[in-house]
Amino acid sequence: MSAILIDGKARAARLRAEVALGVAEIVSVRGRAPGLAVVLVGEDPASSVYVRNKGVATREAGMVSVEHKLPADVGEDALLALVATLNADDAVDGILVQLPLPRHIDADKVIAALDPAKDVDGFHPVNAGRLMIGQPALVPCTPKGCLMLIEEALGDLSGREALVIGRSSIVGKPMAALLTAKSATVTVAHSRTRDLAGHVARAEIVVAAVGIPAMVQGEWLRPGACVIDVGINRVVGADGKGRLVGDVDFASALPRAGWITPVPGGVGPMTIACLLANTLQAARARA
Ligand code: GUN
């Protein structure tokens, strides 16, 4: 048996097409396109690539993308002032501050300064809290995309055994909340978890978001499990060339899983598509 490959690229393309239709509708009603402001501090190469890709995708969906690039040594006050300006700008429906921020800036303070109605990352405490109490508004993009892929593979998740590996505020915690809301039985594993293999062996759904290359071994999986690999780790292969691998050992997981996301081409494209969906949602809510 070999797992069905979950084609995140194709699912993301469908979502982006739906968003583009919604954008066209808003333009016809309001006479202006939704706007997304992306703030990048410094010149981290990975963050620069993400921000560029987000800008391209935003424009492709018919929305306005405005990028604000600030030097790495920008003061926290100046960044907070930019956030205040964007909060007050009626042409801006969504604001994304690319993380990580330089160490001299308190990222929590910056996130808390965002207007929750424009927080398309879903990181603001109000949006995080709403998700926890079952009144989701803007939901973090990566777990939102993962849930779409899981539901497409498995359908109804009620009563399913789900394991989320990782407890970050960006992926693990919101992922657990989303799966709980779908009535799955959710376990959250993390760096202090004992017997990770034992937890993996019970799970019908495994979401791996730890950032450790090939940490989850295929032999641990329950046969037929739906495996969602959020990891994007750059490693150097035996040939000396760099390549991207996930948190799951793909080669050993493939014969055992029922469904699996490849890296790249699985979760990654869904994150950007969900950012566009969140920006449309924010624009609709503000219309
Ligand atoms: N850095 C890595 N992932 C993300 C994300 O989803 N949003 C933001 N703002 N920064 C990130």
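Helices (H or I, at least four residues) and strands (E, at least two) are DSSP runs, numbered from the N terminus. The structure is a predicted model, in which local features need pLDDT of at least 70 and side-chain atom pairs count only at pLDDT 80 or more, while totals for chains, interfaces and linings use all residues. Residues are numbered from 1 along each chain as its sequence is written.

**Annotated regions**

UniProt positions are given in the numbering used here, feature names are shortened, and annotations may be inferred rather than shown by experiment.

| UniProt feature | Residues | Helix | Strand | Distance between end C-alpha atoms |
|---|---|---|---|---|
| domain: Tetrahydrofolate dehydrogenase/cyclohydrolase catalytic | residues 6-121 | 51% helix | 16% strand | 24 Å |
| domain: Tetrahydrofolate dehydrogenase/cyclohydrolase NAD(P)-binding | residues 140-285 | 37% helix | 19% strand | 17 Å |

A domain assignment, whose bounds come from an automatic or database source, gives domain 1 (31-116) and domain 2 (141-268). The C-alpha centres of domain 1 and domain 2 lie 29 Å apart.

**Helix 1**

Helix 1 covers residues 8-30. The expected span of a helix is 1.5 Å times one less than its number of residues. A residue is buried if 20 or more other C-beta atoms lie within 10 Å of its own, exposed if 12 or fewer, and partly exposed in between, with C-beta atoms placed from the backbone. In helix 1 the buried residues are G8, A12, L15, V19 and V23. They pack against helix 6 (141-154) and helix 10 (267-286), where contact means that C-beta atoms, placed from the backbone, lie within 7 Å. After helix 1 comes G31, with a positive phi near 80 degrees.

**The sheet**

Strands of a sheet pair through backbone hydrogen bonds, either parallel or antiparallel. Here two strands pair if DSSP finds at least two bridges between them. Six strands make an open sheet with parallel pairing, in the order 1-11-8-7-5-6. Strand 1 (4-5) and strand 6 (185-189) are at the edges with a single partner strand each, so one side of each has no neighbour in the sheet. Four bridges join strand 7 (residues 205-208) to strand 8 (residues 226-229) in the parallel sense, and V206 stands opposite V227 in strand 8.

**P264**

The loop between strand 11 (259-260) and helix 10 contains P264. P264 counts as partly exposed because it has 15 C-beta neighbours inside 10 Å. From C-alpha to C-alpha, P264 and A88 are 37 Å apart in space, and they are 176 residues apart in sequence.

Key: Contact = placed C-beta atoms within 7 Å.
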